[in-house]
Amino acid sequence: MTQHPTKTPQFFLTSPSTCPYLPDQQERKVFTHLVGERAPDLNDLLTQGGFRRSANIAYRPACETCRACVSVRILAEEFVPSKNQKRVLKRNADLVGTTYAAEPSSEQYDLFRDYLLHRHAEGGMAEMSVLDYAMMVEDSFVNTRIIEYRRRGPDSFLTGEGQGKLVAVALTDEMADGLSMVYSFYDPEEESRSLGTYLILDHVKRARDAGKPHVYLGYWVEGSRKMAYKVRFQPQEHLMPEGWRRFSSGD
């Protein structure tokens, strides 16, 4: 269906479906299309208001009986890595992340498939074809980039690029006030590297270097083991009914 952008975005509500995070819960989402020349500004505004982006759709939970999903953003300028996070950074010091235009490749898709099969085989993305993956990367009217991570090579100090096989990938939106991690995946055989943690730490550094105060991590759900890692990155803010509020893991 062709979408014709209007001055005022139109919002829609999905039908109830099974919640992927909490048992015995039904999820609904409110969403709108991010299309046209105003899409980057709208994406910034909606992300700051708790929305997430997938392809040209911005969405947020609108569940009838549950408010467990909480938007999280790291305060990049104040962030200090923990002892464990410092070890993760040291462990991955041989990696170089290179930023490219949001263009898919067969190498990315192969890594994406391996990641899903090992980490999310039962998830809704497990059946994504190469065309589905290409749409996830390319179908964007906002400032989206692909960051590819490879091992440092002898010429990396000159080229700024890694060499060898692809180790990890991050699909990232560049916003006025920070970076939004749309989706990331990595080599499941490199489990000892803690690459999921490393990618977030690298984005914090990138945001700080660019003078951007926030790294948006999407939703945290208290009580969901899948989401527990997000509160390890302190300090951070959670979006509450009264606005963004500083959060501590001891709260």
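**Strand pairing and a charged patch**

Strands 5 and 6 (the latter residues 57-61) run antiparallel and are joined by three bridges. Strands here, like helices, are DSSP runs numbered from the N terminus (E, at least two residues, for strands; H or I, at least four, for helices), and two strands pair if DSSP finds at least two bridges between them. Ser-54 sits opposite Ile-57 of strand 6. The model is predicted, so local features need pLDDT of at least 70 and side-chain atom pairs count only at pLDDT 80 or more, while totals for chains, interfaces and linings use all residues. Residues are numbered from 1 along each chain as its sequence is written, and side-chain values use heavy atoms, with hydrogens and water left out.

Zooming out, there is an open sheet of four strands in the order 1-4-6-5, with antiparallel pairing. Strand 1 (12-13) and strand 5 (52-54) are at the edges with a single partner strand each, so one side of each has no neighbour in the sheet.

Further along, strand 13 (residues 236-240) and strand 14 (residues 243-247) pair antiparallel over five bridges. These two strands make a hairpin with two residues between them, and Gln-236 has Phe-247 of strand 14 as its bridge partner.

On the surface, Lys-83, Lys-86, Arg-87 and Arg-91 gather in a patch of positive charge. Patch members have over 30% relative accessible area and no salt bridge, and like charges are joined within 9 Å; a salt bridge puts a side-chain nitrogen of Lys or Arg within 4 Å of a carboxyl oxygen of Asp or Glu. Accessible areas come from the Shrake-Rupley method with a 1.4 Å probe. Arg-87 belongs to helix 2 (residues 83-91) and is partly exposed, at 47% relative accessible area (partly exposed lies between buried, under 20%, and exposed, over 50%).

Definitions and conventions: Patches are made of residues with over 30% relative accessible area and no salt bridge: like charges are joined within 9 Å, nonpolar side chains (Val, Leu, Ile, Met, Phe, Trp, Tyr) within 5 Å. Lys and Arg count as positive and Asp and Glu as negative; His and the chain ends are not counted. The place of a charge is taken as NZ of Lys, CZ of Arg, CG of Asp or CD of Glu. Buried means under 20% relative accessible area, exposed over 50%, partly exposed in between (1.4 Å probe, protein chains only).
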